Amino acid sequence: MAYDEEDDNAVCNLEKDMHELGITQNLLDLALRHAEAAHAHRITALHLVIGELSSVVDDSVQFYWDFVSKDTIAEGAALHFERISAVLQCHDCGHEFPRSGDYHCPQCGSGRVTVKRGEEFYLDSIEVED
Ligand SMILES: [Zn+2]
């Protein structure tokens, strides 16, 4: 048999890896575009904002960063992650509250809440050298 259960698991892991690899590649492309626009010759640092509920794993991004940035002007750039705590908002009373493992409004008990902050992942700024 060419495809047993273990092979299926391997495919799943690969897809997860591809997810983070793709994100990191996009991040590099974005940083390079900004650096080019600023006529910079070297990128020394990237400041990233990562939400508590984001599916992005910073360790994976760091791992792939070294790989994708090799032989670019961003090689060796430091990655700084700023973590954002999740904030939920209640649909019924408008109350905003930090997520504490529960998705119910502490003020009125409603379960109709949306995530206001905490799912984001973006490039906030880059540091460059001319
Ligand atoms: Zn409420």
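**Strands and pairing**

Tutor: Start with S3 and strand S5 (residues 113-117), which pair in the antiparallel sense over four bridges. Two strands pair if DSSP finds at least two bridges between them. Strands are DSSP runs of E with at least two residues, helices are runs of H or I with at least four, and both are numbered from the N terminus.

Student: Before I go on, what kind of model is this?

Tutor: This is a predicted model, where local features need pLDDT of at least 70, side-chain atom pairs count only at pLDDT 80 or more, and totals for chains, interfaces and linings use all residues. Residues are numbered from 1 along each chain as its sequence is written.

Student: OK, back to S3. Which residue of S5 stands opposite Leu88?

Tutor: Val115 does. S3 also pairs with strand S4 (residues 96-98), antiparallel, over three bridges. There, Gln89 has Glu96 as its bridge partner.

Student: What about the hairpin of S3 and S4?

Tutor: Five residues lie between the strands, and Gly94 takes a positive phi near 80 degrees.

Student: Which residues of S3 are on the covered face?

Tutor: Leu88 and Cys90. Val87 and Gln89 make up the uncovered face. In general, side chains in a regular strand alternate between the two faces of the sheet.

Student: New topic. How many helices and strands are there in the protein?

Tutor: Two helices and six strands. Along the sequence the pattern reads α-β-α-β-β-β-β-β.

Student: And what order do the strands take in the open sheet of three?

Tutor: The order is S2-S1-S6, with mixed pairing. Strand S2 (78-84) and strand S6 (121-129) are at the edges with a single partner strand each, so one side of each has no neighbour in the sheet.

Student: How do S1 and S2 pair?

Tutor: In the parallel sense, over seven bridges, with strand S1 covering residues 42-51. Leu46 stands opposite Leu79 in S2.

Student: Now Leu48. Buried or exposed?

Tutor: Leu48, in strand S1, is buried, because 20 other C-beta atoms lie within 10 Å. The cut-offs are 20 or more for buried, 12 or fewer for exposed, and partly exposed in between, with C-beta atoms placed from the backbone.

Student: What is Leu48 in contact with?

Tutor: Leaving aside neighbours within four places in sequence, its contacts include Leu79, Phe81 and Leu123. Contact means C-beta atoms, placed from the backbone, within 7 Å.

Student: And how far apart are Leu48 and Ile126?

Tutor: They are 78 residues apart in sequence, and 8.8 Å apart in space, C-alpha to C-alpha.

Technical notes:
Two residues are in contact if their C-beta atoms, placed from the backbone, lie within 7 Å.
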